[in-house]
Amino acid sequence: MSSIQNKINELRASLREHNYNYYVLDNATISDYDFDIKLQELQDLEAKHPEFFDANSPTQRVGGGVTKNFETIAHEHRMYSLDNSYSKEDLQDWETRIKKLVDGDIQYTCELKYDGASISLTYENGSLARAVTRGDGFQGDNVTVNIKTIKSVPLQLKGDGYPAKFDIRGEIVLPFDGFNKMNEERIEIGEEPYRNPRNTASGSLKLQDSAEVAKRPLECMLYNITGSNLGIQTQFESLEKARAWGFKVPKAAKLTNSIDEVLEFVDYWNVNRHDLPYETDGVVVKVNSLQQQEELGYTAKAPRWAMAYKFKAEQVSTKLNSITYQVGRTGAITPVANLEPVELAGTTVKRASLHNADQIEKLDIRVGDTVYVEKGGEIIPKILGVDLSKRNNPSEPTQYITSCPECETELIRQEGEAQHYCPNYNGCSPQIIGRIQHFISRKAMDIDGLGGETVALLVNEGLISNYSDLYELTKEEVIPLERMAEKSADNLIQGIELSKNIPFERVLFALGIRYVGETVAKKLAKHYKSIDAIAGATQEGLVNVDEIGVKIAESVSVFFSSEINLHIINRLQQFGVQLELSAEQLIGQTNILKGDIIVVSGVFESVSRNELKKLIEDNGGKLSSSISSKTSYIVAGSNMGPSKKEKANQLGVLLINEHEFLQRIQ
Ligand code: AMP
Ligand code: ZN
């Protein structure tokens, strides 16, 4: 090795160590001045010797890279959300539920719930390879250049005990101190201060100029390691390992043996969190054993093995000035409370959702009342009730509207539904516009170059009246629109053209069928494989698809029974939008397991549990998490819990091992 390279390596190692001591351990081992001198020396050497470039050198932390559009990257392992609980009873109910699904005693790791922006970091051979935002949980933005500037994120891991490849999840937060300092500077230069640390942290991840990000005192707290063959048995152990590899893992994490101990942890932090340098909004309780975690698995949205416990939200009271009504893209009417602006949990609240007519009636909310407003984790605050002592008399109960505020059509409310709807599906402007806006949105057709306002403009100018019309738009038609330049018209037309490559399941979601969200769209696409098959499905057939209930089935039927909808879909088909699974997506898909309801339990050798589950679904089988008389058979690995075994015995359900299973799908 040349002496130059030696010197460079030495400087990198030394800067890395000082950086770790300062930002992860909060223990400075060098003066700022000396640190800067060393950094400068390294920068000079690297500039002179580009052959020794290293993307993870400490010099890369100063940023400088500019990103115009962040690349979308699929998460190898999905990023789930968390279920919430608010009381001792909620936690006890959770324990009762999970005790039915796993055997043995359950220990819990308790951690603080950091309130920031979640991030997934991928490490390969000890180096940071990628940092991706949570996005929709399935895919997010590649923000690696920005994340590298955060000093508590190791670019190079310590020691050598880490797996060759793994993902680690954490939360990017902006501590109060840094947040306040940023605001002081903003006020000084005459800019509006930022509202709260959480939004500022998540906004920072998407800044185009990484040098700007480098200036923000962001921190990254890690809480979950994901991957295969990690050689880790428990959540608590994974936190300790992460800490040893150089990650910042707050010391508050605690291993507990019962829900009572969990509650002690909650009580302690409910008070002491106010002394923490960053914002927390609760506690996250996780089943400690990773094997039990596997047994418990996931719902469509969240792990069954974890539960967030939310600290009690802050409350204030303020005056209700008026109630207005919004019409959503599905025609659903949402009453909105317009409030006298009031400060709450770091933001100014002016509006709150009133949900529906029942809610207004139940709380007897009247215009002019003083109401209690609460802000939990949600963005939109909610109204808890009325301070009757402040009611002006006489006052009239609120009369809910009977016709649509936009098109004056009489509203309907179906049996058992809380919401009023405007039934004027094809003639009510917010519905028409909302539907097209949903169609083009990021998780749907992701049409670059076309925004919500332009959609409204296009509809109002009579250029389009449904989403299939987009595909006939010409550049000449859009150029005369307000604020539309030649370049943006080109982008718009090109974005629409590119959307013809969007895969079928997202097109299905984009259609905006009521109750057909992303997950349901995926299920339907996978099961039926083409729009024609879905359109031809009966309600009974639909209900038989895993996780599709009566409500969804009904809504799908209604959608496809409309001549207008069929016509629009026909047009999409003609324009070349993907209305069936692609040949690629069909690879490995069979119907061999059709009709089989299968439970997976235990630990496997030749396939991972997730691969096994995927194989079952790809081959047309239906997964179930609990054993019942309907179970066709159980694919059992080693370590299957005794109570599950007993249940299978009682019900006479067949157990097969992984090899027998793999043979079945040959
Ligand atoms: P929610 O956004 O309310 O569904 O809560 C889920 C989010 O909490 C996750 O996506 C994480 O970003 C965040 N979170 C914060 N702290 C933790 C923690 N200790 N463990 C797991 N998730 C956490
Ligand atoms: Zn209407």
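Let's begin at the zinc ion (ligand 2), where the four donor atoms subtend angles of 99 to 115 degrees, which makes the arrangement tetrahedral. Keep in mind as you look around that this is a predicted model. The protein donors are the SG atoms of Cys 404, Cys 407, Cys 422 and Cys 428, and they lie 2.2 to 2.3 Å from the zinc ion (ligand 2). If you follow these donor residues along the sequence, their spacing reads C-x2-C-x14-C-x5-C. Within this set, Cys 404 and Cys 422 link distant parts of the chain: they are 18 residues apart, and each sits in the loop between β16 (382-386) and α12 (429-440). Both Cys 404 and Cys 422 are buried.

An unreviewed UniProt entry carries the annotation "active site" for Lys 113. You will find Lys 113 in strand β3, which covers residues 108-114. Is this lysine buried or exposed? Lys 113 counts as buried because its relative accessibility is 18%, and the cut-off for buried is under 20%. Leaving aside residues up to four places away in sequence, Lys 113 touches Leu 82, Ala 308 and Lys 310, as well as Glu 279, Thr 280, Asp 281, Gly 282, Val 283 and Val 284.

Next, let's look at the aromatic rings. A pair of aromatic rings is described by the distance of the centres and the angle of the planes. In this model the count comes to 16 aromatic pairs. One of them joins Tyr 123 and Phe 166, which are stacked, with 5.7 Å from centre to centre and 15 degrees between the planes. Tyr 123 belongs to strand β4 (residues 117-124) and Phe 166 to strand β7 (residues 165-173), so this pair ties together parts that are 43 residues apart in sequence. Tyr 123 is buried, with a relative accessible area of 0%, and Phe 166 is buried too, at 2%.

Phe 166 also pairs with Trp 245: the ring centres are 5.3 Å apart and the planes are at 45 degrees, so this pair is tilted. Trp 245 lies in the loop between α8 (235-244) and β9 (254-256), while Phe 166 is in strand β7, so the pair ties together parts 79 residues apart in sequence. Trp 245 counts as buried as well, at 6% relative accessibility. Ring pairs link Tyr 123, Phe 166, Trp 245 and Phe 247 into a cluster.

Rings meet charges here, too. The charged end of Lys 158 sits over the ring of Tyr 20, 4.1 Å from its centre. Lys 522 lies over the face of Phe 138, at 3.2 Å from the ring centre.

Technical notes: Residues numbered from 1 in each chain as written. Chains lettered and ligands numbered in written order. Predicted model: local features only at pLDDT ≥ 70, side-chain atom pairs only at ≥ 80, totals over all residues. Heavy atoms only, no water. Donors = N, O, S within 2.8 Å, 3.2 Å for Na, K, Ca; no water. Tetrahedral: all angles 85-135°; square planar, octahedral: opposite > 155°, others 65-115°. Helix = DSSP H or I, 4+ residues; strand = E, 2+ residues; numbered from the N terminus. Buried < 20%, exposed > 50% of the residue type's maximum accessible area, 1.4 Å probe, protein only. UniProt positions renumbered as here; feature names shortened; annotations may be inferred. Contact = heavy atoms within 4.5 Å. Phe/Tyr/Trp six-rings, centres within 6.5 Å; stacked < 30°, edge-to-face > 60°. Lys NZ or Arg CZ within 6 Å of the ring centre and 35° of its normal.
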